Amino acid sequence: MADIDIPPRLIDLERAAWAEQQAGALTVETAAAVQQAYTEHAAATEGLSRLVLEMETKRAVRHPAEA
(Lines give C-alpha, C1' and ligand atoms only; values in the text may rest on other atoms or scores of the structure.)
Protein backbone atom coordinates (compact mmCIF):
# COMPACT_ATOMS: atom_id res chain seq x y z
CA MET A 1 0.00 0.00 0.00
CA ALA A 2 0.92 3.63 0.19
CA ASP A 3 3.75 4.90 2.33
CA ILE A 4 2.11 7.70 4.32
CA ASP A 5 2.73 9.42 7.62
CA ILE A 6 -0.13 8.63 10.00
CA PRO A 7 -0.50 11.10 12.88
CA PRO A 8 -0.47 9.54 16.37
CA ARG A 9 -3.92 11.02 17.05
CA LEU A 10 -5.40 8.93 14.23
CA ILE A 11 -3.67 5.80 15.51
CA ASP A 12 -5.10 6.45 18.98
CA LEU A 13 -8.62 7.05 17.67
CA GLU A 14 -8.50 3.95 15.48
CA ARG A 15 -7.17 1.85 18.38
CA ALA A 16 -10.09 3.01 20.54
CA ALA A 17 -12.60 2.23 17.79
CA TRP A 18 -11.02 -1.18 17.13
CA ALA A 19 -11.06 -2.06 20.85
CA GLU A 20 -14.74 -1.10 21.09
CA GLN A 21 -15.53 -3.05 17.96
CA GLN A 22 -13.77 -6.15 19.26
CA ALA A 23 -15.73 -5.88 22.50
CA GLY A 24 -18.99 -5.49 20.59
CA ALA A 25 -19.42 -2.03 22.03
CA LEU A 26 -18.53 0.38 19.20
CA THR A 27 -20.46 3.58 19.75
CA VAL A 28 -21.73 5.99 17.14
CA GLU A 29 -19.70 8.73 18.86
CA THR A 30 -16.43 6.81 18.56
CA ALA A 31 -17.08 5.84 14.95
CA ALA A 32 -18.02 9.40 14.05
CA ALA A 33 -14.95 10.83 15.79
CA VAL A 34 -12.54 8.60 13.91
CA GLN A 35 -14.26 9.22 10.57
CA GLN A 36 -14.19 12.98 11.17
CA ALA A 37 -10.48 12.81 11.99
CA TYR A 38 -9.78 10.91 8.76
CA THR A 39 -11.74 13.44 6.73
CA GLU A 40 -10.06 16.45 8.36
CA HIS A 41 -6.54 15.08 8.04
CA ALA A 42 -7.01 14.06 4.41
CA ALA A 43 -8.46 17.48 3.57
CA ALA A 44 -5.49 19.20 5.22
CA THR A 45 -3.00 17.00 3.35
CA GLU A 46 -2.94 17.82 -0.33
CA GLY A 47 -3.33 14.77 -2.51
CA LEU A 48 -4.02 12.28 0.29
CA SER A 49 -7.13 10.20 -0.20
CA ARG A 50 -9.30 9.80 2.90
CA LEU A 51 -9.90 6.18 1.93
CA VAL A 52 -6.18 5.42 1.60
CA LEU A 53 -5.53 7.13 4.93
CA GLU A 54 -8.25 5.09 6.62
CA MET A 55 -7.08 1.80 5.09
CA GLU A 56 -3.46 2.40 6.07
CA THR A 57 -4.38 3.44 9.61
CA LYS A 58 -6.58 0.37 10.08
CA ARG A 59 -3.80 -1.86 8.74
CA ALA A 60 -1.29 -0.28 11.12
CA VAL A 61 -3.62 -0.82 14.10
CA ARG A 62 -5.02 -4.24 13.22
CA HIS A 63 -1.95 -5.81 11.63
CA PRO A 64 1.11 -4.04 13.08
CA ALA A 65 3.54 -6.72 11.86
CA GLU A 66 2.61 -5.83 8.27
CA ALA A 67 2.85 -2.07 8.72
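User: Which residues meet where helix 1 faces helix 2?

Analyst: On the helix 1 side they are R9, L10, L13, E14, A16, A17 and E20, and on the helix 2 side T30, A33, V34, A37, Y38 and H41. "Meet" here is a matter of contact, that is, heavy atoms within 4.5 Å. Keep in mind that this is a predicted model, where local features need pLDDT of at least 70 and side-chain atom pairs count only at pLDDT 80 or more, while totals for chains, interfaces and linings use all residues. Residues are numbered from 1 along each chain as its sequence is written, and side-chain values use heavy atoms, with hydrogens and water left out.

User: What makes something a helix here, and how is it numbered?

Analyst: Helices are DSSP runs of H or I with at least four residues (strands are runs of E with at least two), numbered from the N terminus.

User: Why are helix 1 and helix 2 given the orientation they have?

Analyst: Their packing angle is about 155 degrees, with the axes 9 Å apart. The axes are lines fitted to C-alpha atoms, for helices over the stretch in contact, and angles run from 0 to 180 degrees between N-to-C directions. Under 35 degrees counts as roughly parallel, over 145 as roughly antiparallel, 65 to 115 as roughly perpendicular, and the rest as oblique. Helix 1 and helix 2 are therefore roughly antiparallel.

User: And what about helix 3, against helix 1 and against helix 2?

Analyst: Helix 1 and helix 3 pack at about 65 degrees, with axes 9 Å apart, and are therefore roughly perpendicular. The axes of helix 2 and helix 3 come within 9 Å and cross at roughly 125 degrees; those two helices are therefore oblique to each other.

User: What is the handedness of each crossing?

Analyst: Handedness goes by how the near helix is turned from the far one by less than a right angle: anticlockwise is left-handed, clockwise is right-handed. Helix 1 passes helix 2 in a left-handed crossing. Helix 1 passes helix 3 in a right-handed one, and helix 2 passes helix 3 in a right-handed one.

User: How do you know that the length of helix 3 agrees with what it should span?

Analyst: The expected span is 1.5 Å times one less than the number of residues. For the 13 residues of helix 3 (residues 50-62) that gives 18 Å, and the end C-alpha atoms are 18 Å apart, which agrees. At the start of helix 3, a side-chain oxygen of S49 reaches to within 3.2 Å of the backbone nitrogen of L51.

User: Is V61 buried or exposed, and what does V61 touch?

Analyst: Buried means under 20% relative accessible area, exposed over 50%, and partly exposed in between (1.4 Å probe, protein chains only). V61, in helix 3, has 13% and is buried. Setting aside neighbours within four places in sequence, V61 is in contact with I11, E14, R15 and W18. V61 and R15 are 46 residues apart in sequence, but 6.2 Å apart C-alpha to C-alpha.

User: Which residues of helix 3 are buried, and what covers them?

Analyst: L53, E54, E56, T57, A60 and V61 are buried, and the cover includes helix 1 (8-22) and helix 2 (28-44). From helix 2, Q35, Y38, T39, H41 and A42 meet R50, L53, E54, T57 and K58 in helix 3.

User: What makes the E56–R59 pair a polar contact?

Analyst: A polar contact is a pair of N or O atoms within 3.5 Å; within protein, one must be able to donate a hydrogen and the other to accept it, and residues adjacent in sequence count only if both atoms are side-chain atoms. The side chains of E56 and R59 make one at 2.8 Å. T30 and T27 have one between their side chains too, at 2.9 Å.

User: How do you know that A17 and T30 are buried?

Analyst: A17 has 7% relative accessibility and counts as buried, and T30 is buried with 16%. Beyond neighbours within four places in sequence, A17 is in contact with L26, T30 and V34, while T30 touches A16, A17 and E20.
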